[in-house]
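Let's take a walk through this model together, starting with a sheet and ending with a helix. Have the structure open and follow along.

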Amino acid sequence: MIDLIFAQTLNGLASASSLFLVACGLSIIFGVTRIVNFAHGSFYMLGAYLAFTLVSRFGPADALGFWGGVLLAAVIVAALGALVEIVILRRIYQAPELFQLLATFGLVLMVQDIALGIWGPEDKLGPRAPGFKSFVVLMGSRFPSYELFLIVVGPIMLGLLWFLFQKTRWGTLVRAATQDREMVGALGVNQRLLFTSVFAFGAGLAALGGALQLPREAVNLHMDLSMISEAFVVVVVGGLGSVTGAYLAAVLIGIIHAFGILIFPKITLVLVFLVMAVVLVIKPYGLMGKRPVGSAHAHGPVEPLLLPASHNVKLIGLAALAVLLLAPFVVADHWLLTLTELSIFALFAASLHFMMGPGGMASFGHAAYFGLGAYGAALAVKWLGMPMVPALAFAPFLAGIAGVIFGWFCVRLSGVYLAMLTLAFAQIAWATAFQWVDVTGGDNGILGVWPAAWAAPKLVYYYLALAVCVVAILALRIIVFAPFGYALRAGRDSPLRSEAIGLPVMRIQWIAFIIAAVAAGIAGALFAFFKGSVFPTYMAIPRSVDGLLMVLLGGVQTVSGPIVGAFAFMGLQEQLMKATMYWRFVMGASIVLLVILFPRGLVGTALAFAERRREAEPAAPVTATPEPAR
Amino acid sequence: MDRRQFVSGAALGAVALATPSLLRAQGAPIKIGEINSYTSQPAFLKPYRQGWELALEQVNAGGGVLGRKVETLFRDDAGKPEDSVRLAGELINAEKVDLLSGGFLSNVGLAIADYALQNKRLYVASEPLSDAIVWAKGNRYTFRLRPSTYMQAAMLVEEAAKLPAKKWATVAPNYEYGQSAVKWFKELLKKAKPDVEFVAEQFPALGRIDAGATVQALEAAKPDAIFNVTFAADLSNFVRQGNTRGLFEGRTVVSMLTGEPEYLDPLGAETPVGWIVTGYPHADIQTPDHVKFRDAYKAKYNDYPRLGSVVGFDTMNAIAAGIAKAGTTDNEKLIDALKGLKFTSAFGPVEFRASDHQATLGAYVGKTAVKDGKGVMVDWRYADGAKYLPSDAEVKALRPAG
């Protein structure tokens with residue numbers, strides 16, 4: 001028994017090393033530039049692929065060829081990172097919080113197709129490392145010597161990074177910028193150079209992590225996404241911006257993995273997310289993280305004040321609604337399917353926006369409530385034998401109950417920590433649906449959730465979905481401009497002052513969380529009957545990311561943004577998937593382009609443009625433009 | 001332009017305008033809507049598509065079916081069942097396809113199958129292995145080509161029962177395919193050899209195996225033999241750690257799908273020797289049907305076929321044979337024709353069983369070996385799918401739809 005414990009500890013430590021390198025790069029990038037870098041997994045994957053090519057070229061048997069290839073791969077990816085920062089990200093630092101995430105997600109899509117194009121679809125099993133090809137016998141069992149090497153690499157890299165950050169001028173600047181970026185800028189430090197070098201350094205670390213996996217794991221096209229979620233977990237558990245924390249967290253996750261499969265072999269899917277949820281509930285800023293100094297909104301433009309729609313905007317909205325209502329009489333039959341789907345996604349995006357925009361609570365796991373709504377409907381049909389209408393009414397309650405429970409924990413945090421906790425809960429919900437085969441059918445889902453006979457025709461279901469979505473979206477909008485909405489926004493902009501005038505900020509946020517969950521649940525229930533089946537993918541990470549992208553693309557600080565974003569994003573994706581097998585590349589490139597052209601989202605940029613024009617008019621009536629709240 | 005010229009010009013124009021619609025009415029192509037996870041599973045589906053296009057080319061070169069050309073509309077579901085349903089709707093309503101085909105992941109297959117039932121449209125599932133597609137959730141409108149999880153497990157159990165091993169451990173990806181493969185293997189092996197016991201089971205998440213720890217956990221249980229269901233990158237990682245740590249020494253491993261070139265080729269010189277596997281020894285099968293297929297494939301793509309190529313090739317040919325037999329694309333008649341349809345696959349004659357709509361396509365069972373630094377299958381035989389399926393009477397109990 002003791003030897004097994006020993007061996008599994010070593011296994012955990014070995015897998016921790018690569019995870020540490022990737023996560024620590026991610027953490028540094030976030031700390032300095034505040035970019036949630038989705039493309040970090042892509043750098044990791046590129047590092048592995050490049051190392052494979054370079055090592056094969058230089059000769060894998062030769063020590064210089066092998067290690068030279070590994071290091072060169074990291075350097076090349078670092079240069080690539082610098083290029084990305086200079087060409088794309090530098091243009092959008094002034095955009096609202098999280099907006100850069102859109103651009104990095106576009107990169108993820110592009111890299112997936114580029115890697116497929118260059119390296120082909122087959123997995124590449126790399127050569128073993130010269131000098132570390134065999135094993136040593138430890139406590140009676142064979143242990144690969146390369147794994148021992150990796151165990152040593154972790155602490156060595158930690159030491160080097162410590163030295164770099166504590167003893168060099170560059171490192172001091174990075175630490176200073178992590179704590180208070182504005183102050184570093186005010187003191188005359190060249191921020192552009194600092195940002196570029198930090199981004200390149202982080203990308204290089206990720207690539208090194210990938211390259212070091214070469215003798216250990218087959219290089220494949222799914223590496224990027226499987227690494228990125230785990231790396232986020234490590235960063236958050238360790239504490240944002242903390243290198244030591246990242247190491248501790250990586251070791252923790254690695255060891256929990258190694259022992260988890262002994263005790264609960266089937267729970268590996270969620271184990272890390274369970275750990276993250278527990279850590280965040282107990283230590284809200286991670287193991288080694290500190291409460292951020294300065295204002296949470298210290299960068300980017302101040303959110304413009306949300307004003308009720310002007311006369312013109314109302315007219316545009318009515319016109320859009322009229323178009324949707326009349327569309328079935330004009331367009332071909334099959335467009336109804338697309339329009340139904342887009343209406344449902346518009347509600348999903350609007351519900352997420354309600355949290356993110358007025359609520360100031362970004363969620364990385366909003367699909368959980370969408371999925372729970374869908375499962376609520378499917379379970380009601382399958383287990384309770386409910387007809388469609390009662391099932392539709394029942395479903396949002398399941399999402400709402402989850403909102404009550406998860407929300408209670410989430411509103412105690414803020415910023416990225418809050419977002420990651422929502423992700424953890426979403427993964428737990430997903431794993432439950434995936435694993436609880438007897439009730440949910442596991443990944444084969446629940447089939448046969450079709451609408452009642454009267455609603456089955458495409459036209460009827462379209463109008464039903466449209467009606468429900470429009471009513472729900474209008475309700476959300478009314479809440480935003482009701483006293484509750486004002487209180488919510490006050491809590492977002494200045495929690496301290498709001499508390500001081502007697503607003504129970506946390507409870508208000510909690511209620512907003514629940515409202516958003518219920519609205520997403522309604523969308524999910526409609527989606528279930530629309531598709532006729534329900535699967536765990538409805539609440540998987542990609543669906544949450546879709547929601548996030550729709551809101552960001554439309555513009556976070558506008559009320560109609562998410563609707564426009566949903567139509568633009570999902571509509572674009574649908575058409576591209578039909579048009580080309582390389583839709584991921586085109587989609588990614590389009591996202592990057594949109595991000596650069598519309599740095600405040602589609603609607604946000606349009607509004608800013610209109611605002612500028614109004615200000616330019618000399619005789620503009622003096623509307624009470626209240627001082628933007630901070 | 002004088003009046004006469006104008007009139008003749010107008011007449012020409014009218015003819016030109018009218019001709020295509022006349023042509024369409026007589027020889028409109030037969031349209032197949034093919035939905036698959038092309039971008040998320042390219043290793044299997046690129047060869048699949050090539051195999052499909054080869055068959056399509058051959059069918060059309062021979063004059064098509066019923067005197068009409070056959071046309072395929074490929075759609076990518078990106079591995080999401082909900083997208084596949086949307087694409088099915090689009091293909092049927094907008095593109096007016098005559099039937100649907102495809103599906104790689106089981107849940108995608110099940111989603112399309114349920115859509116097909118709801119919309120009374122034929123769906124020929126090529127690849128999804130889930131037993132539910134033809135049994136528990138089987139329906140009148142769905143047929144499936146590939147040997148299912150159950151069939152592959154039955155083929156391997158036949159070999160496993162001959163081994164002296166008593167204590168077994170299993171390792172399988174944690175989703176429906178892995179779970180049901182393990183379930184059937186245990187059930188069938190216990191039936192064949194009541195004294196076996198299962199001492200450990202590992203269910204790593206698909207695509208994210210922690211190979212070192214998994215190998216150690218299996219080693220700790222000290223099994224006599226191992227049943228493996230992992231594939232692709234998980235398999236490569238598992239094999240490398242297992243080789244270094246000596247997990248496979250003195251143990252027999254029985255492994256599903258590992259002999260397929262898609263999963264065997266990446267292992268290269270690292271291929272473990274002596275595993276009992278199902279797969280496809282493409283270079284060594286010399287039956288006339290296969291040689292013809294392989295030569296045509298090599299000539300067109302300058303590459304050897306993978307198992308995906310065979311599945312794509314056979315699916316397309318099965319559909320063409322079905323339409324030819326039915327003499328129409330009317331789906332109800334086409335379904336009646338597909339029941340009991342006999343057609344020639346790259347592996348030889350195959351039949352769609354009338355009782356459960358499962359094709360009797362088989363798989364090759366053999367042992368792994370290394371030759372010239374590459375993984376190959378040796379001592380193989382063709383396991384005819386018909387022999388590994390439950391009888392029609394047993395199927396009745398498994399398939400509520402009848």
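Begin in chain B with an open sheet of 5 strands, ordered β2-β1-β3-β4-β5 and paired in parallel; strands are DSSP runs of E of at least two residues, helices runs of H or I of at least four, numbered from the N terminus. At its edges lie β2 (70-76) and β5 (142-144) of chain B, each pairing on one side only, where pairing takes at least two DSSP bridges. This is a predicted model: local features need pLDDT of at least 70, side-chain atom pairs count only at pLDDT 80 or more, and totals for chains, interfaces and linings use all residues. Residues are numbered from 1 along each chain as its sequence is written, while chains are lettered from A and ligands numbered from 1 in the order in which they are written.

Look next at strand β4 (residues 123-125) of chain B, which pairs with β5(B) in the parallel sense over 3 bridges. Here B:Val124 stands opposite B:Phe143 in β5(B).

Now turn to helix α10 (residues 288-301) of chain B, whose buried residues are B:His290, B:Phe293 and B:Tyr297. Buried means 20 or more other C-beta atoms within 10 Å of the residue's own, exposed 12 or fewer, and partly exposed in between, with C-beta atoms placed from the backbone. Their cover includes α2 (42-61) and α11 (307-326) of chain B. On the face of α10(B) turned away from the buried side, you will find the exposed residues B:Pro288, B:Val291, B:Asp295, B:Lys298 and B:Ala299. Just past α10(B), B:Asn302 takes a positive phi of about 55°.

Technical notes
Contact = placed C-beta atoms within 7 Å.
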